[in-house]
Amino acid sequence: MVEAEARRLVPRALSLDNETVRAVVLQVATAAAIVAALYLLGTNAAHNMARQGIVSGFGFLSQEAGYDVGESWIAHSARSTYARTLVVGLLNTLYVSAVAIVLATVLGVLVGIARVSPNWLLRKVSAGYVEIFRNTPLLLQIVFWYTVMRQLPPPRRALQPIEGVFLSNRGFTHPVPTWDPAHGWMLAAAAIGIGAAIAYRRAARRHHERTGRRWPVLWPTAALVVGLPALAWLAGGSPIGLDVPRMRAFNFQGGTTHSPELVALLIALVAYIGAFIGEIVRFGIQAVGSGQREAARALGLRDGHALRLVVLPQALRIIVPPLTSQYLNLVKDSSLAVWIGYPDFVSVTNTAINQTGQAVEGIFLMMLVYLSISLSISLFMNWYNRRIGYRR
Amino acid sequence: MTGGLPMAAPAQRPPLDRVGALRWLRVNLFSGPLNTLLTLVTFGAIALVVPAVLRWAVVDAVWRSADPAVCRAAAGACWAVVAEKHRLMLFGLYPHAEHWRPVAATVLYVAAVALTCWPGSWRRIVLVPLWTVTVAVFLVLMLGGALGLSLVETREWGGLPLTVVVFTATVMMALPLGIILALGRRSRLPLIRTAAIGLIEIVRGVPLVTVLFCAAVVFPLFLPPGWDVDKLVRVLVAMGIFYGCYFAEVIRGGLQAIPKGQHEAAASLGLSYWQSTRKIVLPQALRVVIPGLMNHVISVFKNSTLVIVVGLFDMLYATTAAIADPLWIAFYTEGYLFVGAIYFLGCWAMSRYSQFIERRLARGRSY
């Protein structure tokens, strides 16, 4: 109220000494500057594009792209439209990001635990890994692994670290199970198993809250999630067909081959982001005071229970926000694929820009796609963060 | 307590495995069955890898030879590729006869950085002239066209000096921009706040590559016909804006950490918004955020490699080009290890320095 009174005492003259006038002037000036800049740039762009004979707008999306994309999750050829080609790139970005997020998280958690292990040797080795990979440019690592992949021997003399698994300058080739109707049943069984496991855990928690007694949780969950698909496999006649790749003159027949670009990108992303996640996990574990662990033990909780019920829930709250930003970094960093030619979204859009000259539209699409992905990950992780947060 | 209790028996030495090296081994390596197993596995891996790497990198290595055939005959690393190609790796396409200029410029730059790192130099009267002179001399040396030096256009710049230019210019632009954006985001004026939030969130949501494409490909479309801005300058401004938005978020954290009483005390002394911001709030806020900013400064150094995507010839691109020579391509590992080591040393030194600063700033502060 004092503030309002003071304001009344100030002369309400139309001068720059009046705070309200100053605020209005400043904002109007900012707005005018932004509008003027946009107008100027817009007219320049329209003029320049007209001069170069480029029709602005997204009409080019329905034209034939005329270039082939190496790897695709949907049917695609050089005859496909630009729209379809861009979708292929988007799916590749999502695929490489998803795989790298899972692998980097696993690696990071292992490294983080190793960093706080009571074992001196393990601690030092993991610290060395983190220092080296965190302090080297990601692009350098990508380029290095790509050169490694390209310099591998041709398929005829491919390295074979394990029977049926090949490393060559064509990429990483490994056997896949031949498709059998039983696999469909296994997928269905796994879905049912996961659903039943969730329902069982809910029931177990309600039982625990009502009676204070615990039902066993770990083994029934494991039995439902792993056991049901295994039963389906047995019931389906336990098919064990493997499509093992065989060497031909210039390439492999059978199995699945991942391109050198994809393998190099994945190795580099996982090693780089994994080092950062390792540090986050280490910090999260160390941030939970040792008093918490000792208190849990004093209450009679076993080590596993102390870790699961006392330490991890608190560590997770510290870990999740920085982990989210690492996931976002990973998705954005996957765009470095453009340098080694993995057909991710930036890469295929860049080709489209070079062919059509529609640079403004192309960059707009790139920004739109990454903003949407970033926003989705943020929303999901915020939801998860709220879920594991303190319940008030 | 030198005498102890009058009746105390003479102290006994602890058992041998509870003191000294044996105790250390017991606690740190063999405290239980799992720990022992981990030790043995890790040690086994080290014993397998380290001697092999040493034999490759040192014992069997070829250090100097103009002939790649010598390397191919040897079993070890071919450091000769670095000896042969180091000029291309370090200076890119810069005219060969003028290489003393990037060398002198880089040495001057490193000396200026070293001086700036010394806390005794943290005074306006030292830093402002130091960096004005350093930047001016650096540009004159690199660009030439004055003092009898031949003109070398930015198109021909490359290697380590270009990396230095990208890194330094980005940090120098991003810091003031970050401060302005952070203040803008906390402004009471809705329009300015919205504009700052919009820019920060959009830029932080997209990859650096797209921002660089914007600068290299799209921006010329927005210029009036006949205008031209040097590509290096365009890329530097783009990097500056990109990292300005990241710096802004760190600085905002520092601004939020300043107690409200500081603003109110400044206002009651009759200081205007800009006076209190410049003299009271920012000095305290920036002090708090130095470690956080250092993380992003390290990231600028690493991501300066991304300029190769728009065709600038930095150290990474120069190395890629150097080892693309079919005679030497087989020894790419040595080439990348060499530049990797330069990047690693830079980042590692910065992170160590950041820890030193953190300890120094924590001194004599209770909150």
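Modeller: A residue counts as buried when its relative accessible area is under 20%. At 0% relative accessibility, Met239(B) therefore falls on the buried side of that cut-off, and it should be kept in mind throughout that this is a predicted model. Met239(B) sits in helix H10 of chain B, which covers residues 231-257, and, once residues up to four places away in sequence are set aside, it touches Val166(B), Thr170(B), Leu208(B), Leu212(B), Asn303(B) and Ser304(B). Asn28(B) is 211 residues from Met239(B) along the chain, and the C-alpha atoms of these two residues are separated by 46 Å.

The contact between the chains as a whole takes 54 residues from chain A and 55 residues from chain B, and the area buried between them is about 4700 Å², of which carbon and sulfur atoms give 74%. On the side of chain A, Gln27(A), Asn135(A) and Trp339(A) supply 13% of the area that this chain buries against chain B, which is more than any other three residues. Across this interface the rule finds zero salt bridges, whereas the count of residue pairs in polar contact between chain A and chain B is eight, both residues being at pLDDT 80 or more.

Several helices of chain A each supply at least two residues of the side that touches chain B, namely H2 (19-51), H4 (120-134), H5, H8 (260-287), H11 (337-340), H12 (345-356) and H13 (359-388). The largest share of that side, 15 residues, comes from H2(A), and the residues of the side divide into 33 nonpolar, 15 polar and six charged.

As for the division of each chain, chain A is split into domain 1 (2-51) and domain 2 (85-164 + 258-388), whose C-alpha centres lie 43 Å apart. In chain B the domain assignment gives domain 1 (97-147) and domain 2 (152-312), with C-alpha centres that lie 22 Å apart.

The contact between the two domains of chain B takes 10 residues from domain 1 and 10 residues from domain 2, and the area buried between them is about 880 Å², with carbon and sulfur atoms giving 79% of it. Of the area that domain 1 of chain B buries against domain 2 of chain B, 52% is supplied by Tyr109(B), Met142(B) and Leu143(B), more than by any other three residues.

By residue class, the side of domain 1 of chain B that touches domain 2 of chain B divides into eight nonpolar, one polar and one charged.

Technical notes. Residues numbered from 1 in each chain as written. Chains lettered and ligands numbered in written order. Predicted model: local features only at pLDDT ≥ 70, side-chain atom pairs only at ≥ 80, totals over all residues. Heavy atoms only, no water. Domains from an automatic or database assignment. Contact = heavy atoms within 4.5 Å. Buried area = accessible area lost by both parts, 1.4 Å probe. Nonpolar A, V, L, I, M, F, W, Y, C, P; charged D, E, K, R; others polar. Salt bridge = Lys/Arg side-chain N within 4 Å of Asp/Glu carboxyl O. Polar contact = N/O pair within 3.5 Å; in protein donor to acceptor, adjacent residues only side chain to side chain. Helix = DSSP H or I, 4+ residues; strand = E, 2+ residues; numbered from the N terminus. Buried < 20%, exposed > 50% of the residue type's maximum accessible area, 1.4 Å probe, protein only.
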